[in-house]
Amino acid sequence: PMPRWEEGLASFLEYLVTQDITGEPAVERLETQFIDRLRKAIPKTPGLQTVPLVKYGGARMTNWSYTVGGLFFDLLYRVAGKDTFHAIIGRYSSEFAVRGGSTKDLVDVISRTATQDLSSLVNDWLYTTAWTARIEQHPSVENLVQYYRQTSAPSGGR
């Protein structure tokens, strides 16, 4: 069973395109809704604290892929930057559109493309449940972005 993080990517891109077309702060609304929903759900949903996103399929938690995945991609966009984010998604899509790709393939593309080391962001949101502590520690998405920028050292990507 797949983690279905692509649903989170679709959710994020839907709001990003809406924002680009309308000029309305659609992404800000998305991230506020997602953070609020997750903060309320974490104490009531033990799986969020114990099952990483990459295992949502096997744990039958794919409904959380939209929210957790959406926030992951929003943070990736904001920490890596618009151009790098588009390069990551474009490269992943061109390499894996026909044969399909895995989470590991996405992470490899992120590593090869980004100009900074995004392993902290990737590990927290895809491979562990550390993101639950991060959203409790940081009151806003902007605070999360600052945290991940501080933990992202320059790398040799591209």
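This is a predicted model: local features need pLDDT of at least 70, side-chain atom pairs count only at pLDDT 80 or more; totals for chains, interfaces and linings use all residues.
Reader: How many helices and strands does the protein chain have?

Author: The protein chain has nine helices and zero strands, where helices are DSSP runs of H or I with at least four residues, strands are runs of E with at least two, and both are numbered from the N terminus. Along the sequence this gives the pattern α-α-α-α-α-α-α-α-α.

Reader: Why is the protein chain called as compact as a globular protein of its length?

Author: The radius of gyration is taken over C-alpha atoms, and the globule rule is 2.2 Å times the number of residues to the power 0.38. For 158 residues that rule gives 15 Å, and the protein chain has a radius of gyration of 15 Å, close to that value, so it is as compact as a globular protein of that length. Taken along the principal axes, the C-alpha atoms fill a box of roughly 40 × 35 × 30 Å.

Reader: Why is Leu144 called buried, and what does it touch?

Author: A residue is buried under 20% relative accessible area, exposed over 50% and partly exposed in between, with a 1.4 Å probe and protein chains only. Leu144, which is in helix 9, has a relative accessible area of 0% and is therefore buried. With contact meaning heavy atoms within 4.5 Å, and leaving aside neighbours within four places in sequence, Leu144 is in contact with Ile35, Leu75, Arg134, Ile135 and His138.

Reader: How do you know that the buried residues of helix 9 line one face?

Author: The buried residues of helix 9 (residues 141–151) are Val141, Leu144, Val145, Tyr147 and Tyr148. Seen down the helix axis they fall within an arc of 160°, so they line one face of helix 9; the arc is that of the directions from the helix axis to the C-beta atoms. These residues pack against helix 2 (26–41), helix 4 (65–80), helix 7 (119–127) and helix 8 (130–137). From helix 7, Ser120 touches Tyr147, Tyr148 and Thr151, not counting residues up to four places away in sequence, and Ser120 counts as buried at 17% relative accessibility.

Reader: What makes the length of helix 5 agree with expectation, and which of its residues are buried?

Author: The expected span is 1.5 Å times one less than the number of residues, so the 15 residues of helix 5 should span 21 Å, which agrees with the 21 Å between its end C-alpha atoms. Its buried residues are Thr84, Phe85, Ile88, Ile89, Tyr92 and Phe96, and they cover an arc of only 130° around the axis, which puts them on the same side of helix 5. The face turned away from that buried side carries the exposed residues Asp83 and Ser94, whereas the cover over the buried residues includes helix 1, helix 4 and helix 6.

Reader: What makes a set of residues a nonpolar core, and which residues have the most contacts inside the largest one?

Author: A nonpolar core is a set of buried Ala, Val, Leu, Ile, Met, Phe, Trp, Tyr and Cys residues joined through side-chain atoms within 4.5 Å. The largest has 48 residues, and those with the most contacts inside it are Leu48, Tyr56, Phe72, Phe73, Leu76, Trp125 and Trp131. Its largest share, nine residues, comes from helix 4. Beyond its neighbours within four places in sequence, Trp125 is in contact with Leu53, Val68, Leu71, Phe72, Leu75, Trp131, Ile135 and Tyr148.

Reader: Why is Gln116 called buried, and which polar contacts does its side chain make?

Author: Gln116 lies in the loop between helix 6 (103–113) and helix 7, and its relative accessible area of 13% falls under the cut-off, so Gln116 is buried. A polar contact is a pair of N or O atoms within 3.5 Å; within protein, one must be able to donate a hydrogen and the other to accept it, and residues adjacent in sequence count only if both atoms are side-chain atoms. The side chain of Gln116 reaches the backbone oxygen of Val79 at 2.8 Å, and a polar contact of 3.2 Å joins the side chains of Gln116 and Thr115.

Key
Residues are numbered from 1 along each chain as its sequence is written. Side-chain values use heavy atoms; hydrogens and water are left out.
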